[in-house]
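Please look through the sequence and the structure shown here before reading the notes that follow them.

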Amino acid sequence: MRWRLWSLTVMATGDVPRDLPRLVVPRAGSLEATGDLFAPYRLADAAGVTVVPAASFFRELAACGRPAATHRSYGMDLLRWFRFTWAVGCPWDEATRAEARDFVCWIRLADKAVRTHWRYPGGGAPGTVTAPPPGTANLVTGKRSPGRGYAASTVVHCESVLRGFYAFHLEAGTGPMVNPFPAARGRAGAHHNPMLPFAGERAGRYRPGTPRRVPRQIPDEKFDELFAGLGSHRDRALVAFWVSTGARASELLGASAADADPGQQLITVIRKGTRCLQQLPASPDAFVWLRLYQAQMDGLVPAGRDQPLWWTLRRPFRALAYDAARAMFTRASAALGANWSLHDLRHSAAYRMARDPAMPLADLQWVMGHAHLSTTQVYMNPLPGDVIETVLAFHARQQRGRGGHAAPSPGYSAESLKALFGEAAL
């Protein structure tokens, strides 16, 4: 009798247990670029029909001034969610907390879809080094290669986007009456320190915890090797600007010819978050390599102040895109057996400025474009390699101060110390 009452309750609430490890979610639907300024992406179902709830959410993002990169990022999260709802047979506007909970559990267990390059369907170009197994730590950098599953940051981003997606439709009256992705349990402001400001909106209930990551930099000696392996003046100019200005890769690639001011050693970029113009000081070497690159491309690309600053090196010449720049840097990094990314150049620039005692922290915050000073303070923390080197130097000084060797602790046998370390240990 109790089992029957439990089954009826489960059927009434819709909280039907699912076999998530065996759940197959087909790669139905797609996220397509449209080229439209106000609707740069559209979400389509398996039949190619636009998903209307996602389209209205994208229009809301456009009205709020979100860039195309945000549309794509949010669209990928929506695509994962709609694929899950299609697989479990639940309409998006009938989803409950049970579907939201199962989705978060599934995405933490599921493997990412493996995509093969259209040129090399077998898995790699002829003569190239095979990619390391997923999750393998690089011997040079210590960074792990992407794993088979979704990263914790991806799960967190999905939960935040879907909670905002349903909050938008809840306010518009076009979705379910209750947000399937609720906020965390607990009273607002409970156990809050009255001396500190409120953090704002509570985190989601199904939002997983993420470990605090330490930004990685490229060591100076390795950077010199990396820079020497670059194959063109354009690549050297790009890397020199990235590592001296701290600009994001997309910010620098969006610069035009008029944005470079060699006389004042400044280059103007559009900030990612605020979309404001900001002049960033760069090193003299960066402008030297830029001038050599411009002399090389003189007469080959259109001239004009509004023309792109960075071009491809092969015909037909076109503006250099982020994916092409990332591929260039990945090849140069792989030649050294490393797996550095373009964003590591931004971290390297921040660490270099932070190590200079004459560089104020507020100035570093302005250069990096951080909204909060706490983000900039991360670069004030010592690097593990520097700490190890400093502690080893401390032990060496301690040993020299004791006559070349440390005195043995009392209680050790003199015969044993002599057999292990010789007469110097006594």
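The notes below begin with the whole protein and then turn to its cores, strands, helices and cysteines.

This is a predicted model, in which local features need pLDDT of at least 70 and side-chain atom pairs count only at pLDDT 80 or more, while totals for chains, interfaces and linings use all residues. Residues are numbered from 1 along each chain as its sequence is written, and side-chain values use heavy atoms, with hydrogens and water left out. The protein holds 15 helices and 5 strands, where helices (H or I, at least four residues) and strands (E, at least two) are DSSP runs numbered from the N terminus.

**Whole protein**

- Of the 426 residues of the protein, 34% count as buried, a term that stands for under 20% relative accessible area, whereas exposed stands for over 50% and partly exposed for what lies in between (1.4 Å probe, protein chains only).
- Among contacts (heavy atoms within 4.5 Å) with a separation of 6 or more, 58% are made by residues 24 or more positions apart.

**Nonpolar cores**

- A nonpolar core is a set of buried Ala, Val, Leu, Ile, Met, Phe, Trp, Tyr and Cys residues joined through side-chain atoms within 4.5 Å, and the largest one here has 37 residues, with Phe241, Trp242, Leu290, Trp310, Phe329 and Leu345 having the most contacts inside it.
- Helices H6 (220-228), H7 (233-245), H8 (249-253), H9 (284-296), H10 (322-334) and H11 (342-354) each supply at least two residues of this core, and H7 gives the most, with 7 residues.
- Leaving out residues up to four places away in sequence, Phe241 touches Gly246, Leu252, Ile267, Ala282, Ala286, Phe287, Leu290 and Trp310.
- Apart from this core lies another, of 32 residues, which includes Tyr41, Trp81, Ile107 and Ala110.

- Two strands pair if DSSP finds at least two bridges between them; S3 (residues 260-261) is joined to S4 by 2 bridges and runs antiparallel to it, with Ala260 opposite Ile267.
- The hairpin of S3 and S4 has 4 residues between its strands, and Gln265 in the turn has a positive phi of about 60°.
- On its other pairing, S4 is joined by 5 bridges to S5 (residues 277-281), again antiparallel, with Val269 opposite Gln278.
- In the hairpin of S4 and S5, 6 residues lie between the strands, and Arg275 takes a positive phi near 60°.
- Because 4 of the 5 residues of S4 (residues 266-270) are buried, this strand is largely enclosed by the rest of the structure.

- The expected span of a helix is 1.5 Å times one less than its number of residues, so the 21 residues of H3 (residues 68-88) should span 30 Å, which agrees with the 30 Å between its end C-alpha atoms.
- The buried residues of H3 include Leu78, Leu79, Trp81 and Phe82, and among the elements that cover its buried residues are strand S1 (30-33), helix H4 (97-109) and helix H5 (152-172).
- Just after H3, Gly89 takes a positive phi of about 75°.
- His169 has its place in H5 and is buried, with a relative accessible area of 3%; apart from neighbours within four places in sequence, His169 is in contact with Pro53, Ser56, Trp92, Thr174 and Gly175.

**Cysteines**

- The structure holds 0 disulfides, a disulfide being a pair of cysteine sulfur atoms within 2.5 Å.
- Cys64 counts as partly exposed because its relative accessibility is 41%, and Cys276 counts as partly exposed at 42%.
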